[in-house]
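Here is a short report on helix packing, cores and a chain interface. Look at the model first, then read on.

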Amino acid sequence: MAAKHASYETVSVRSATRNYDAVKALDNVSLEVKVGEFVSLLGPSGSGKTTLLNVLSGFTRLTSGSVFFGERNVTLLQPHLRNIGVVFQSYALFPHMSVAQNVAFPLLARGVSKTDCQKRVREALALVELAGYEDRGVAQMSGGQRQRVALARAIVFDPGLILLDEPLSALDKQLRESMQIEIRRLHARLGATMIYVTHDQREALTMSDRIAVMRAGRIEQIATPCQLHDFPANDFVASFVGETTLLPVKRQSAKIVTLGEAALHTAREIPAADRLAVAIQAEKLIYGPVNENEAWNVLPGKVSEAIYQGESFKIFVRIGGGQTVSLRIPCHHMGARSLPQVGNDITLRLHVEDTIIVPVLGNCGEAEA
Amino acid sequence: MSASAPFADNAKALRAMERRERLALLALTLPALAVVALLLVAPLCHLFWQSLVDAKTGEFSLINYARIMQDPGYALTFGRTFLTAALVTLICVTLGYPIAFLAAISGQRSAMLILAMVLIPFWTSVLVRTYAWLVLLQHSGLVNRGLQAIGLIDEPLALVHNLTGTVIGMVHVMLPFVVLTLYGNLKQIPEDLGRAASSLGAKPMRVFLQVILPLSAPGLMAGAVFVFVLSLGFYITPELMGGGRTIMVAMLVQRNIDIYSEFGAASAVAFVLLGLTLFILWAADRIVPIERILGEK
């Protein structure tokens, strides 16, 4: 239905800065989003992702810079004139209205006729699989259903852009994962431009066409999920995305760094920075027999801890120089049988293609163990 | 098995524990209940009995109530009292809503300042405030002279010793009730709702009328009922500001006793007022249930 009248727009944020006294909530941020693209803003709390979303929705004014929707400069435009659908973390459904009245609200605000309105409300509710719930009160709906009502309300008036502010964070894990897939499908079906704020890296990786990782009011890296995960731009991105251990290394030659005493080969470019770190992702460390024809870095060590986590074991290994890396061993019969015992010596392998060297920024990258 | 016996004992002990806790809670409310019984219920019963006795014969009679029904002066006073209370309520709600709204959307510091300005007069004696108003509003008072000085009026306005004075004085006393109840209510409305409404394309007026106003109805209703009911029993302000021209029901009670020593008649008037007030509360509860006014959504 929406495809008929929908005209989703590009979004362009240009040198956006927002100061709160001395604090820069947004620091010269630029972002280009294509029509129909799903872009996630990922970052820890206080990174500026919600500020950026509020700038797009018009609830927060910029200190300087500009925002364009398509050709329209909306920097000075009031929220109600922006034609955007916003889905809030709290759902923000009107508690004194029924489901249908909630979804009809943006249509009535636009002067859509009663009959047309009814039809579009029905279509929107069908799209989020809530057909027949029109007359329910909002209080009678479960968390997941409420979020679907909020989604229906945000798409029913064919907005140029849909903003989602951590919409799934109040849901339990199972429901959250099924809603992630559902929102993705909805996105594909509508062809909508969507900007999605989350602090959950897995959610961002699952849902996005591109992800912007934010820190301290800046975008550290914007890339596709695969690019972001396997080619982090710096130690912050590496530590925030994926299950990564960061260890300081020194450049030895064009393709070799030293980790303590050991030399690590990499097939990748080593960035031109003074301080470097190797980003070792848990799933890239291999334990057990490997194809010896491939080029491997070998990391001998001692198992210091093994934690059962349901689908996998998390194994901590102390390698030379007293540093600890972690790897995962899946919990199937073979994995469990060959599980290394705490205190035993172990040999880990890291493919040269998986040996990620990142520049170390200032005082940020507290490496996750 | 032998284990079943201790289980049964535990159930009994747990029940006893629950009973003890309930009794303890009851004991805590006992002093307050005693005060209410002693100082409210008992005197009310006495007044009610008094209202049913003919002062001349000392016998049971409905003469006091019959007089209220028959004498048009009573009906007039009751009517005037209700109209004055309604007028005061209307003005308080109209003036109080914007103040409460501003306080609710302001930052903490500005909100405190606004509420302080509302509360400081609230903490001042009604008598002091009423006399202050008399000084301000009298024939050659500050307000009249100021208006004359800037040329808005030629003759001094009659601002006291009439209904106008009564209403001004009462609004001043009652305004904090509306502002405080509404503020508490408005503060509970999540900020996201207003934002959601405007992101969905609603102009500010629409956001207010369709989202904020309906959701603040309980607070509005609570404030209005508060003001209306309290206004019905007002005495000092109409007495001083009305200049004997706006007789309210409470003054009728006082006159019956002070001038005519008619305790029975005074009690009957008080009971009719009490009955009408309870009726209004019941009617208000039908529109917006009391549970909602008291904070449960």
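## Helix pair in chain A

In this predicted model, A:Val99, A:Asn102, A:Val103, A:Phe105 and A:Pro106 of α3(A) meet A:Val149, A:Ala152 and A:Arg153 of α5(A). Contact means C-beta atoms, placed from the backbone, within 7 Å. By class, this contact has 6 nonpolar, 1 polar and 1 charged residues.

The axes of α3 (residues 99-109) and α5 (residues 143-155) of chain A come within 7 Å and cross at roughly 30°. The two helices are therefore roughly parallel (angles under 35 degrees). The crossing of α3(A) past α5(A) is right-handed.

## Nonpolar cores

The largest nonpolar core holds 103 residues; A:Val103, A:Ala152, A:Ile195 and A:Val278 touch the most other members. Such a core joins buried Ala, Val, Leu, Ile, Met, Phe, Trp, Tyr and Cys residues through C-beta atoms within 7 Å. Buried means 20 or more other C-beta atoms within 10 Å of a residue's own. Another core, of 42 residues, lies apart from it and includes B:Met170 and B:Leu220.

## Chain interface

Chain B puts 15 residues in contact with 18 residues of chain A. α8 (191-199) and α9 (204-215) of chain B are the elements giving two or more residues to that side of chain B. α8(B) gives the most, with 6 residues. The side divides into 8 nonpolar, 3 polar and 4 charged residues.

## Conventions

Residues are numbered from 1 along each chain as its sequence is written, chains are lettered from A and ligands numbered from 1 in the order written. Local features need pLDDT of at least 70, side-chain atom pairs count only at pLDDT 80 or more, and totals for chains, interfaces and linings use all residues.

Notes:
Contact = placed C-beta atoms within 7 Å. Helix = DSSP H or I, 4+ residues; strand = E, 2+ residues; numbered from the N terminus. Nonpolar A, V, L, I, M, F, W, Y, C, P; charged D, E, K, R; others polar. Buried ≥ 20, exposed ≤ 12 C-beta atoms within 10 Å, placed from the backbone. Axes fitted to C-alpha atoms, helices over the stretch in contact; angles between N-to-C directions. Parallel < 35°, antiparallel > 145°, perpendicular 65-115°, else oblique. Left-handed = near helix turned anticlockwise from the far one by under 90°.
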